[in-house]
Amino acid sequence: MAIVIFDGVAYGMLLFLMAVGLSITMGLMNFVNLAHGSFAVVGGYAAAVVMNQLGLGYATALACAFVAAAVLGAVLEFLLYRRLYRAHPLDQVLLSIGLVFVSIAALTYFFGPSMLPFHLPEALQGQVTIAGVGVGRYRLFLIGAGLLILVLLLGMLRTRYGAMVRAAVDNQRVAAGTGIHVQRLFLLTFALGCGLAGLGGALSLGMLGLEPYFPLKYMVYFLIVVCVGGAGTIVGPFVAALLVGIVDVAGKYYLPEAGAFLIYVFMIGMLLLRPNGIIPRKGLA
C-alpha cells in the first residue's frame, strides 16, 4: 500500500507541474486553453534533443525545456491568444484544439510517430530504502521537484508580481485602474505557465514517455486537475493532482480491468461535492 501511495504521489507531482500553469492562465485570463499539453510536449522534446543529440546534462535539459516552452508560449500569446481573450469560449476551444493538432502534425513530421527514446541519468536510476521500503530514485526526485515548484510559486505570490497577479485574477478592470499593465502581466504569466508545462513534460520523460499524441492523451487529466482543484489557484490543483495521481495508480494496481473508470468517477464525485473546486478562487466559495 505504501508503494502505491508513493507512486501515486510521484505521478500526481507530474500532473501538478504540467497543470498548474493552466490553472493560473484559466483563472487569470478566463481562456480555455486546450493546447496546454502541447507546451508540455515541446518541453519534453526539447529536453530529449538536448540530451540525446547535443550530449548535454539532465539539469541543462530541464532548463532548456522550461525556456523553449516559455518562449513558444510568449510568441503564441502575442500572435494568437490575446486576440481571443474576449471571444466566445467556443472560439477559444477551437483555436487551442487546432493548435494541438498542428503540434501533433509538426512533431510527427520532425521526429516520427514513435515513442521518443530517453535514458535517465545514472543518479536517478535504481532505488533507495526509506523506512524499510524501497522507492525509486527518479520518483523521489519528482516529488522533490514538485514540492520545490510549489514552494517557489507560493513564495512568488508574496512578491510584487504575485500581488499584481492576484489583483488581476480578482478583478482585471480594477487592477488596470490601479496602474497594472494587465496585458503585459498576461504575457508574462502565460509564458510562465507554458514554461512550467514544458518543465513537467521534460520531467515526465522517464515515467510517461513522449510521443506526438501526448497533448491529446493527457488533456483530460490536466483539465480534471484544474477543475477539481479550482482554476486560478495553486494549492487547489496541487491537492487535486495528488488525489488524481493516487486514485489512478491505485486503480491500475488493484483494478487494472477498470482502466481510467475510477478517475472519472472521482472527478464526477468531486465536482458534485465541490463544484467550484477543492480550494475555489476568492469570490467563488
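**Salt bridges, core and helices of a predicted model**

R139 and D7 form a salt bridge, with their closest N and O atoms 3.3 Å apart; the term covers a side-chain nitrogen of Lys or Arg within 4 Å of a carboxyl oxygen of Asp or Glu. R139 belongs to helix α5 (residues 137–156) and D7 to helix α1 (residues 2–29), so the pair ties together parts that are 132 residues apart in sequence. Helices here are DSSP runs (H or I, at least four residues), as strands are (E, at least two), and numbering starts from the N terminus. This is a predicted model, in which local features need pLDDT of at least 70 and side-chain atom pairs count only at pLDDT 80 or more, while totals for chains, interfaces and linings use all residues. Residues are numbered from 1 along each chain as its sequence is written, and side-chain values use heavy atoms, with hydrogens and water left out.

The two partners of this bridge can also be described by their accessibility. Buried means under 20% relative accessible area, exposed over 50%, and partly exposed in between, with a 1.4 Å probe and protein chains only. D7 has 11% relative accessibility and therefore counts as buried. R139 has a relative accessible area of 29%, so R139 is partly exposed.

The structure holds 3 salt bridges. Another one joins E77 and R82, the closest N and O atoms being 3.1 Å apart. E77 counts as buried because its relative accessibility is 0%. R82 sits in the loop between α3 (58–79) and α4 (89–111). The side chains of R82 and E77 are also joined by a polar contact of 3.1 Å. A polar contact is a pair of N or O atoms within 3.5 Å; within protein, one must be able to donate a hydrogen and the other to accept it, and residues adjacent in sequence count only if both atoms are side-chain atoms. With neighbours within four places in sequence left aside, R82 is in contact with E77, Q183 and L187, where contact means heavy atoms within 4.5 Å. Between the C-alpha atoms of R82 and M156, 74 residues apart along the chain, the separation is 24 Å.

K252 and D248 also form a salt bridge through their side chains (3.3 Å, N to O). Both lie in helix α10, 4 residues apart, about one turn of the helix. An α-helix has 3.6 residues a turn, so residues three or four places apart point the same way. D248 has a relative accessible area of 3% and so is buried.

Helix α10 (residues 235–254) has 20 residues and spans 28 Å from its first C-alpha to its last, close to the expected 28 Å. That expectation is 1.5 Å times one less than the number of residues. The buried residues of α10 include P237, F238, A241 and D248. T233 counts as buried because its relative accessibility is 12%, and its side chain reaches the backbone oxygen of G230 at 2.7 Å.

Helix α11 (residues 261–273) has 13 residues and reaches 19 Å between its end C-alpha atoms, close to the 18 Å expected. Its buried residues are I263, F266 and M270. These cover an arc of only 65 degrees around the axis, which puts them on the same side of α11; the arc is that of the directions from the helix axis to the C-beta atoms. The face turned away from the buried side of α11 carries the exposed residues F261 and L272. What covers the buried residues of α11 includes α9 (214–229) and α10.

The largest nonpolar core has 92 residues, and those with the most contacts inside it are F16, Y58, Y81, L203 and F214. Helix α1 gives the most to this core, with 17 residues. A nonpolar core is a set of buried Ala, Val, Leu, Ile, Met, Phe, Trp, Tyr and Cys residues joined through side-chain atoms within 4.5 Å. Not counting residues up to four places away in sequence, F16 touches residues including G146, I149, P237, F238 and A241.

H36 lies in helix α2 (residues 36–52). H36 is buried because its relative accessible area is 3%, and its side chain reaches the backbone nitrogen of L22 at 3.5 Å. Beyond neighbours within four places in sequence, the contacts of H36 are M18, A19, G21, L22, G193 and A197.
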